[in-house]
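Student: Could we go through this structure together? I would like to begin with its pocket and then turn to the chain as a whole.

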Amino acid sequence: MFKKITFNAIVLLVFNLTFYQASAQTHQAASSINNGLSVPEELLTTWELDEAASMEYAKKSAHWNEHIANLMPKLIATNKQIKYRFNQDEMVTIQAAKEHELAISLIKQTLTSYKFKFEFDDKPKQLQVIKAAGGRINIQADGLLGYQFLLWKKRRERLTGV
């Protein structure tokens with residue numbers, strides 16, 4: 001019986017060690033995907049609000065309630081004219097013909113999210129970009145109220161001419 005317990009303990013130890021090594025390698029791979037880049041390549045485009053996906057995303061949230069249900073149409077209407085463009089070291093907010101650049105720097109990257117630092121009013125802040133289904137993203141930062149319910153999709157380039 002003692003041999004069986006010892007054998008089981010060794011099997012569990014080897015299993016845990018293997019799992020830990022695999023987990024560490026996955027984390028290392030996720031952290032080193034974009035060595036030398038401030039903004040990951042998959043974000044380097046213009047993003048526009050996905051209204052239908054945002055509504056569905058909000059409905060599936062643990063925070064969904066009557067108040068959020070009433071808030072969503074207003075939140076979508078307010079934000080549907082805003083677009084975001086990620087460049088090498090900045091995020092650009094585009095609204096009508098105006099653009100506002102915000103210098104950002106990648107501080108943490110996982111397989112499902114990116115965390116950037118930036119300064120606003122001479123105070124350090126953080127911006128988080130979370131990957132969502134269908135190639136969409138969710139953008140969150142202090143002061144962006146309601147943004148936890150909004151999903152952004154890659155903007156399609158419009159063909160001109162013909």
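Student: Which strands each supply at least two residues of the lining of the largest pocket?

Tutor: Please bear in mind that this is a predicted model. The strands that each give at least two lining residues are E2 (82-87), E3 (90-95), E4 (98-103), E6 (113-120) and E7 (123-131).

Student: And which one supplies the largest share?

Tutor: That is strand E3, with three residues of the lining.

Student: Which residues lie nearest the centre of the pocket?

Tutor: Tyr84, Met91, Thr93, Leu102 and Leu144 lie nearest the centre, out of 17 residues that line the largest pocket.

Student: How do the lining residues divide into nonpolar, polar and charged?

Tutor: The lining has 10 nonpolar residues, five polar ones and two charged ones.

Student: What is the volume of the largest pocket?

Tutor: Its volume is about 380 Å³.

Student: Now the whole chain, please. How many helices and strands are there?

Tutor: The chain contains three helices and nine strands. Read from the N terminus, the order of the elements is α-β-α-α-β-β-β-β-β-β-β-β.

Student: What percentage of the residues count as buried?

Tutor: The chain has 162 residues, and 27% of them count as buried.

Student: What about its accessible surface?

Tutor: The accessible surface of the chain is about 11400 Å², and carbon and sulfur atoms account for 56% of that area.

Student: Finally, what share of the contacts joins residues at least 24 apart?

Tutor: Counting contacts between residues at least 6 apart in sequence, 49% join residues at least 24 apart.

Technical notes
Residues are numbered from 1 along each chain as its sequence is written. This is a predicted model: local features need pLDDT of at least 70, side-chain atom pairs count only at pLDDT 80 or more; totals for chains, interfaces and linings use all residues. Side-chain values use heavy atoms; hydrogens and water are left out. Helices (H or I, at least four residues) and strands (E, at least two) are DSSP runs, numbered from the N terminus. Buried means under 20% relative accessible area, exposed over 50%, partly exposed in between (1.4 Å probe, protein chains only). Contact means heavy atoms within 4.5 Å. Accessible areas come from the Shrake-Rupley method with a 1.4 Å probe; for residues, only the protein chains shown count as cover. On a 1 Å grid over the protein atoms alone, a cavity is a set of points where a 1.4 Å probe fits but cannot get out, and a pocket is an open set with protein on both sides within 12 Å along at least five of seven lines; lining residues have an atom within 4 Å of a point. Grid points are joined across faces, edges and corners, and a volume is the space filled by probe spheres set on the points. Ala, Val, Leu, Ile, Met, Phe, Trp, Tyr, Cys and Pro count as nonpolar, Asp, Glu, Lys and Arg as charged, and the others, Gly among them, as polar.
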